[in-house]
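Have the sequence and the structure open while reading.

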Amino acid sequence: MGPYLKSMGISNEQILPIMTLGQALEIFGLFALGGLLRRFGFRKIMLMGSCFHVLRFSLLAFGQNLPTAVLGILMHGGAYALYFVPSMMCFDRLCPREHLSGAFLVFSIIIMGFSGLASNLLGGLLFDADPGFLIIWAAPLLASLIPFICALLQMGKFPAGWSFSPQTVGSIQ
């Protein structure tokens, strides 16, 4: 993100405060998550989280200016709070206790390990081939469209009673 913001004339001293905006919105989203789950339900929250990912990478790919970059950075908070945390809640609910730590580990390796490694390698190769930032952000945009489209297609197909009602939210351990 640093080189992207530098390309817009942002100094090194300003990059971290701008990046912190996304984390601040993430904290707000985490505080609001319980109430949002009760009000909208798990399916809609996961769809909103996926939508935040698509919006985030769309803004970063096609905005190419500071206001849209900051808005894209802000979308990180919604993406994390409304997609990754509910994903972990889903694992907590569906996996037997004896397999839960393994499920979390596999999810973490896929999201942070393989994805991070692949995106760093692919991003470097793409940037070397075409030093513009559109291609760098287009790859995660396309990748974020996959869960978004899957969530749209699966909206009515969750098992009966699959929700986070006020009664079940308190029972998640």
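In this predicted model, α3 passes α6 in a left-handed crossing. Helix α3 covers residues 42-62 and helix α6 covers residues 134-153; their axes come within 8 Å and cross at roughly 160°. Angles over 145 degrees count as roughly antiparallel, and α3 and α6 are therefore roughly antiparallel to each other.

The α3 side of the contact is made by Leu 47, Ser 50, Cys 51, His 53, Val 54, Phe 57, Ser 58, Leu 60, Ala 61 and Phe 62. From α6 come Leu 134, Trp 137, Ala 138, Pro 140, Leu 141, Ser 144, Leu 145, Pro 147, Phe 148, Ala 151 and Leu 152. Sorted by type, the residues in this contact of α3 with α6 are 17 nonpolar and 4 polar, with no charged residue. The spacing in such lists can be read against helix geometry: an α-helix has 3.6 residues a turn, so residues three or four places apart point the same way.

At 1.5 Å a residue, its 21 residues should span 30 Å, and the C-alpha atoms at its ends are 30 Å apart, so the two values agree.

What happens to phi just after α3? There, Gln 64 takes a positive phi of about 55°, although Gln 64 is not a glycine. Most residues other than glycine have a negative phi. Gln 64 is found in the loop between α3 and α4 (66-94). With a relative accessible area of 38%, Gln 64 is partly exposed, because that class lies between the 20% limit for buried and the 50% limit for exposed.

Definitions and conventions:
Residues numbered from 1 in each chain as written. Predicted model: local features only at pLDDT ≥ 70, side-chain atom pairs only at ≥ 80, totals over all residues. Heavy atoms only, no water. Axes fitted to C-alpha atoms, helices over the stretch in contact; angles between N-to-C directions. Helix = DSSP H or I, 4+ residues; strand = E, 2+ residues; numbered from the N terminus. Parallel < 35°, antiparallel > 145°, perpendicular 65-115°, else oblique. Left-handed = near helix turned anticlockwise from the far one by under 90°. Contact = heavy atoms within 4.5 Å. Nonpolar A, V, L, I, M, F, W, Y, C, P; charged D, E, K, R; others polar. Buried < 20%, exposed > 50% of the residue type's maximum accessible area, 1.4 Å probe, protein only. Expected span 1.5 Å × (residues − 1).
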